[in-house]
Amino acid sequence: MIPRYSPKDISAIWSDEAKFERWLQLEIAAVEARMEAGVVPSDALATIKEKAKFNVEEILVIENETKHDVIAFLTNVAGYVGPDSRYIHEGLTSSDVVDTCLAMQMRDAGRIIVADIESLIEVLGKKAVEHKYTLQMGRTHGIHAEPTTFGLKLLLWHEEMKRNLERMKRALETISVGKISGAVGTYQHLSPDIEAAVCQKLGLTPSPISTQILQRDRHAEYATTLAIVASSIEKFSTELRHLQRTEVRETEEFFSKGQKGSSAMPHKRNPITFERLTGLARVVRSNSIAAMENVALWHERDISHSSVERVIMPDSTIALVYMLRTFRDSIETLLVYPERMEQNFDTSYGLTLSQTLLLALTGKGLTREDAYRLVQRNAMKSWEEKVQLKELVLHDPEILEHITAEEINELFSPETIQKKLKNSVDIIFKRNGL
């Protein structure tokens with residue numbers, strides 16, 4: 001991922017330094033496990049632990065000649081260790097190192113993502129409670145539907161992120177496995193006990209079965225989980241972009257002092273942060289397709305997945321952490337305009353109470369078809385003549401045959417609307433633990 005969207009802590013996991021550090025940790029763990037099994041002399045392990053190190057620049061120079069990164073790494077380490085380096089990588093194949101290391105990196109990156117999801121959940125919960133009763137027009141198909149609250153919108157996102165948290169935890173469990181089972185997964189030169197011991201030292205679970213590699217359905221599950229989380233953030237961001245449109249302007253992302261919205265138009269205050277998050281979601285989602293393409297490999301392995309994963313795993317995890325933190329900060333500083341939300345109610349002439357009136361009429365004994373016809377007739381006239389629905393209804397003799405003017409006024413009363421909505425809001429918030 002480019003530096004612009006790369007938080008330092010998550011990016012550090014994917015550096016060459018961090019990768020080779022994990023490779024070395026694994027190789028030493030394998031030597032230690034074999035020493036504990038009585039295969040490697042204890043003094044050789046002591047020497048390896050004391051002297052084993054690497055130099056990234058030197059490794060890259062060696063790899064330029066060998067065209068093999070693991071061999072370049074082992075050659076570099078051997079130069080520091082000396083003769084006892086013969087015990088390093090003994091019985092292992094390259095993928096034992098590369099795949100198990102990748103699992104460690106994905107696990108460590110996933111832990112950061114879990115923490116960031118938890119942080120976003122907390123912020124969304126606080127903001128939802130703050131705007132629990134902030135009246136807002138609900139919209140379906142982009143058109144005014146029925147009243148809701150901005151707090152309910154935020155609570156919906158809060159609950160979705162809780163599901164994303166559980167998805168991410170499951171994906172972490174799926175990917176936190178290692179394999180030290182050799183060239184085709186048959187433990188030809190090492191035993192399953194050695195694999196179990198190494199994995200335990202690295203904080204991983206041994207894969208129940210593998211070929212030369214861990215199976216890529218695990219990686220696909222992880223990548224698609226990242227894509228789902230990114231898609232949620234895109235969903236939230238898209239809604240906030242709509243709410244910032246000039247014609248709506250019910251919320252607005254924070255516009256800092258000295259910020260410029262356009263090189264040409266000084267008046268512009270654009271939802272650039274939410275647009276940026278929408279775009280990055282496309283990257284993470286596209287990468288998940290590549291991860292699923294990696295599931296089908298030839299026989300016990302090929303390396304068509306390798307080049308893909310060198311790109312998509314760092315990029316997806318880094319981008320998602322950036323998205324989570326940026327969205328969290330944007331929610332914390334979000335500008336909310338309750339007065340504008342109230343003003344927007346008037347732009348649809350009270351039509352959003354059409355179902356309330358419909359049900360009141362059926363409650364008086366009308367068939368649904370007859371009640372619908374009466375309400376729709378007035379609703380269409382309200383749109384065309386730009387007159388409040390209540391005023392038209394109060395002058396419709398056919399409706400007044402079934403319901404009194406006092407009852408109509410009560411139905412359209414803001415106090416009645418808010419009381420009924422408040423009761424529902426309280427139940428929904430309680431059901432969601434807030």
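Predicted model: local features only at pLDDT ≥ 70, side-chain atom pairs only at ≥ 80, totals over all residues.
About 1300 Å² of area is buried between domain 2 and domain 3, and carbon and sulfur atoms give 72% of that area.

To place the interface within the chain, one may turn to the domain assignment. It gives domain 1 as residues 1–90, domain 2 as residues 92–342 and domain 3 as residues 348–432. The contact between domain 2 and domain 3 takes 17 residues from domain 2 and twelve residues from domain 3. The C-alpha centres of these two domains, domain 2 and domain 3, are 43 Å apart.

Polar and charged pairs also occur across this interface. Four residue pairs are found in polar contact between domain 2 and domain 3, and one salt bridge is found there as well. A salt bridge joins K132 to D426, with 3.4 Å between the closest N and O atoms. This pair counts as a salt bridge because the rule asks for a side-chain nitrogen of Lys or Arg within 4 Å of a carboxyl oxygen of Asp or Glu.

Which elements give two or more residues to the side of domain 2 that touches domain 3? They are the helices α6 (94–130) and α7 (150–175), together with the strands β1 (135–140) and β2 (143–149). The largest share of this side comes from β2, which supplies six residues. By residue class, the side of domain 2 that touches domain 3 consists of nine nonpolar, four polar and four charged residues.

Methods: Residues numbered from 1 in each chain as written. Heavy atoms only, no water. Domains from an automatic or database assignment. Contact = heavy atoms within 4.5 Å. Buried area = accessible area lost by both parts, 1.4 Å probe. Polar contact = N/O pair within 3.5 Å; in protein donor to acceptor, adjacent residues only side chain to side chain. Helix = DSSP H or I, 4+ residues; strand = E, 2+ residues; numbered from the N terminus. Nonpolar A, V, L, I, M, F, W, Y, C, P; charged D, E, K, R; others polar.
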